[in-house]
Structures are given as structure tokens and as C-alpha cells.
Amino acid sequence: AWQEKVVPGVTASQIRVKKYNGTSWTSVDGNGTNGLNMDPAKEGTRPTLAVSNGSLYLAWVEAVTSSYGQIRVKKYNGTSWTSAEGGSTAGLNVDTTKDATFPALVDYNNALYASWAELGKIYVKRYNGTEWTSVDGGTNGINVDPAKGGAFPALAVMGNDLIAVWSEFSGSIYQLRAKKYDGTSWTTIDGGANGLNMAAGKSAY
């Protein structure tokens, strides 16, 4: 999946997807002028893919205005794409009027998990195929320090745990922070005050 400005005279990037059969690539985004954007007139950026329960999921940021975007999600069943936002028409944002970016997806315990940064908070939600539920503890997300801005989240599964890693701004540098989720609660696993950074005074992303 990628973003591409393919419409002459239109500035909005479209989210495009192709599949590879081992020999050649085939478009699976409709193969038309527009991609998979909810609104082709709105800028689509930062696409990411994950497979969960036999379906392909796509998340991306779609601009609402020049100052904020929403996390949008679609599901592909091998034939067609449908919205996978639990009935929402405004994406996964905790506050649909605030800027959200850097989406990440992963399958964990037979459910789809999404993470993103929104106004400096790292949020995580779980999708059961019908609705999205917050698993990040509330307003402050999973930030180690709620007063510090988080960005660039990534998700991975190791054993029985969901691992989240992100950068958190500590006043002058970004520290790489990490937590694990056991299906119930989050535990910090980055070693302490400096996070995972090799050098305490250098930014890590």
C-alpha cells in the first residue's frame, strides 16, 4: 500500500493497493482514478496493512482540514473493500476534531489492534470484527509520562504479549519507550528513565 497523487489537477494523494501473486502485481483498489480514500478530495497518507482473521486491513490518515486528520480503516475480503470503523463515519480518533497520525496495525489474540498518535498521546484500540474498544487506559493513552508528547508508534506480538514502541519527547530529545500488554494491562519494559536510547542525550525514533 502507498500514497500517490494520480489525479491531474487534484492535490489529494490517493491510497493505492496492489497484490503480488509471485509473478506480477495486480491492483486491488478498484484500479480507477481514485484509490481507497473515504473522500477522494481529501489527502490520504501513511498507509499500513495487517492481516487479521483471514482478512486484510488497511489503515491510513485522511485529512479533514489542513490542520488535522483522522485514522481511517477498511477491510478487504479478497474481492471488495468495506469500512471497518465500527459504524463510525469519522475514523478511530479519540477526538474526531483533533489531529491523529502514524497509524499501526497488528493481529493479537485473534483481534485487530490499532495504535496511533493523537495530540501527543499514544492510543490503542482493539477491533473484534464489529466494534472498536479502547485498551489504552483512557485519556492519557499509554504514554510513560502523560505530559510528554508521543509519536511514531509501532506494534508487534511476542509470545503472549502485544508490544508497543514509540518515541516520547522529554523536553529536548525523543526517548524510545516500550510497553507490553498481556490482554488486560500494560507494563513498561524499556528499562527506566532514558527508555531504550543508547545515549541519554540523543533523540531516538
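This is a predicted model: local features need pLDDT of at least 70, side-chain atom pairs count only at pLDDT 80 or more; totals for chains, interfaces and linings use all residues.
Residues are numbered from 1 along each chain as its sequence is written, and side-chain values use heavy atoms, with hydrogens and water left out.

**Stop 1: a sheet**

Strands here are DSSP runs of E with at least two residues, numbered from the N terminus, and two of them pair if DSSP finds at least two bridges between them. You're looking at an open sheet of four strands in the order 9-10-11-12, with antiparallel pairing. Strand 9 (100-108) and strand 12 (132-134) are at the edges with a single partner strand each, so one side of each has no neighbour in the sheet. From one strand to the next, the twist averages 25°, an angle between N-to-C directions of lines fitted to C-alpha atoms, on a scale from 0 to 180 degrees.

**Stop 2: the hairpins**

Now pick residues 111-118 and 121-127. These are strand 10 and strand 11, joined in the antiparallel sense by seven bridges. Click Tyr113 and you'll find Arg126 of strand 11 opposite; for Leu112, the bridge partner is Tyr127. The two strands make a hairpin with two residues between them, and Leu119 in the turn has a positive phi of about 50°.

Is strand 11 mostly covered or uncovered? Mostly covered: six of its seven residues are buried, meaning under 20% relative accessible area with a 1.4 Å probe, protein chains only.

Carry on to strand 12, which runs antiparallel to strand 11 and is joined to it by three bridges. Lys125 sits opposite Ser134 here. This hairpin has four residues between the strands, and Gly129 takes a positive phi near 100°.

**Stop 3**

Zoom in on strand 15 (residues 174-181): three bridges pair it with strand 16 in the antiparallel sense. Look for Lys179, with Thr188 of strand 16 opposite.

**Stop 3: the rings**

Which residues form one aromatic cluster? Show Phe102, Phe152, Phe169, Tyr174 and Tyr205. The structure holds 14 aromatic pairs, counted when ring centres of Phe, Tyr or Trp (its six-membered ring) lie within 6.5 Å.

Definitions and conventions:
Buried means under 20% relative accessible area, exposed over 50%, partly exposed in between (1.4 Å probe, protein chains only). Rings of Phe, Tyr and Trp (its six-membered ring) pair if their centres lie within 6.5 Å; planes under 30 degrees apart count as stacked, over 60 as edge-to-face and the rest as tilted.
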